[in-house]
Amino acid sequence: MNKLERDYSGDYVIISPHRKKRPIEGEKKICHFCPENEKETGKSTQELKNEKGEWLIRSVKNKYSLALENEVHEVIIETRKHKLFRDFDETEIKQCYDFYQERIKQLKEKYEYLYLFKNEGPTAGASLKHAHSQIISFPKKIIKKNETAINGDTLKDNKETQTIIPTNTKHSYEIIIKCKRENSEIANLTEEEKTEISSELKKIIGKVNYDYNILHHDHPYHAHVIFRKNVWAGIELGLHIYVKETTINELRGIFK
Ligand SMILES: [Zn+2]
Ligand SMILES: [Zn+2]
């Protein structure tokens, strides 16, 4: 079982030695997320199927779970093809949103705080090259609210959503796609919102080739897309002072 501790700065730390055993692409020939290898991941907790009855998207319990006692950690395998999320088209991304929404609605009945996120590429923390996201729950009391107002430069103003370049971020390459509706959350996104978000997300992740994370936050719903070009080094780790190597104008040029 994973254990929760606090470090010398007050941050929470999950002690999870079994994480070391996670499969790394290349080490073994088989991909655990591909069809025919379902036994490696176990029974689906939810599935979206095609007309042939084959799964298109499925969620499973994370074998290398970071969940604390009585909490949940699932992996959503987002395609039956061995490919990355950045190669999805808008329709496939929208289908993922439908799936996230359904799964989160289910889990919400039982868990207090659910967090959906995606790691893609080794420097973003993904060990397999097969598109997937993760949902993990935590007791609400340990969640630190570390975001106040996000200031931003609007890159695209749509009917229901806005794509912004945050001006007060520590990340060199971050874009935020945000719903205009104040009480929006994954569980209540409308069809129109999901369609706009999917189309913007497709555009943004196609602009650069860096590994990236997508962090989903609610109220209002927004997705942080953080590209992992630079590593945090001595200044960042020792002083919590962050080096940002881009200007807003540069980012505007890249992501327009
Ligand atoms: Zn695969
Ligand atoms: Zn946020």
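## Briefing: a helix crossing and some loop residues

In this predicted model, helix H2 passes helix H3 in a right-handed crossing (right-handed means that the near helix is turned clockwise from the far one by less than a right angle, left-handed that it is turned anticlockwise). Overall, the protein has five helices and twelve strands; these are DSSP runs, with helices being H or I of at least four residues and strands E of at least two, numbered from the N terminus. Because the model is predicted, local features need pLDDT of at least 70 and side-chain atom pairs count only at pLDDT 80 or more, while totals for chains, interfaces and linings use all residues. Residues are numbered from 1 along each chain as its sequence is written, with chains lettered from A and ligands numbered from 1 in the order in which they are written.

**How H2 and H3 meet**

- H2 covers residues 90-108 and H3 covers residues 191-205; they pack at an angle of about 130°, with their axes 9 Å apart. Axes here are lines fitted to C-alpha atoms, for helices over the stretch in contact, and angles run from 0 to 180 degrees between N-to-C directions.
- That makes the two helices oblique to each other (under 35 degrees counts as roughly parallel, over 145 as roughly antiparallel, 65 to 115 as roughly perpendicular, and the rest as oblique).
- On the H2 side, the contact uses Glu90, Ile93, Lys94, Tyr97 and Asp98. Facing them in H3 are Lys194, Thr195, Ile197, Ser198, Ser199, Leu201 and Lys202. Two residues are in contact if their C-beta atoms, placed from the backbone, lie within 7 Å.
- The residues of this H2-H3 contact split into four nonpolar, three polar and five charged. For the sorting, Ala, Val, Leu, Ile, Met, Phe, Trp, Tyr, Cys and Pro are nonpolar, Asp, Glu, Lys and Arg are charged, and the others, Gly among them, are polar.

**The protein as a whole**

- The C-alpha trace spans about 50 × 45 × 40 Å along its principal axes.
- Of the 256 residues, 28% count as buried. Buried means 20 or more other C-beta atoms within 10 Å of the residue's own, exposed means 12 or fewer, and partly exposed is in between, with C-beta atoms placed from the backbone.
- Among contacts with a separation of 6 or more, 60% come from residues 24 or more positions apart.

**The loop between E11 and E12**

- The peptide bond from His219 to Pro220 is cis, with omega near -10°.
- His219 is found in this loop too, and its phi is near 60°, a positive value in a residue other than glycine.
- His219 counts as exposed, with 11 C-beta neighbours inside 10 Å.

**Other loop residues worth a look**

- Asn70 sits in the loop between strand E4 (55-61) and strand E5 (73-77). Asn70 has a positive phi of about 65° although it is not a glycine, and with 9 C-beta neighbours inside 10 Å it counts as exposed.
- Ile142 is in the loop between strand E7 (132-138) and strand E8 (152-157), and counts as exposed with 11 C-beta neighbours inside 10 Å. Its C-alpha is 9.9 Å from that of Leu4, 138 residues apart along the chain.
- Ala126, in the loop between strand E6 (113-120) and E7, is buried, with 21 other C-beta atoms within 10 Å. Leaving aside residues up to four places away in sequence, Ala126 touches Asn119, Glu120 and Gly121.
- The C-alpha atoms of Ala126 and Asp211 are separated by 9.1 Å, with the two residues 85 apart along the chain.
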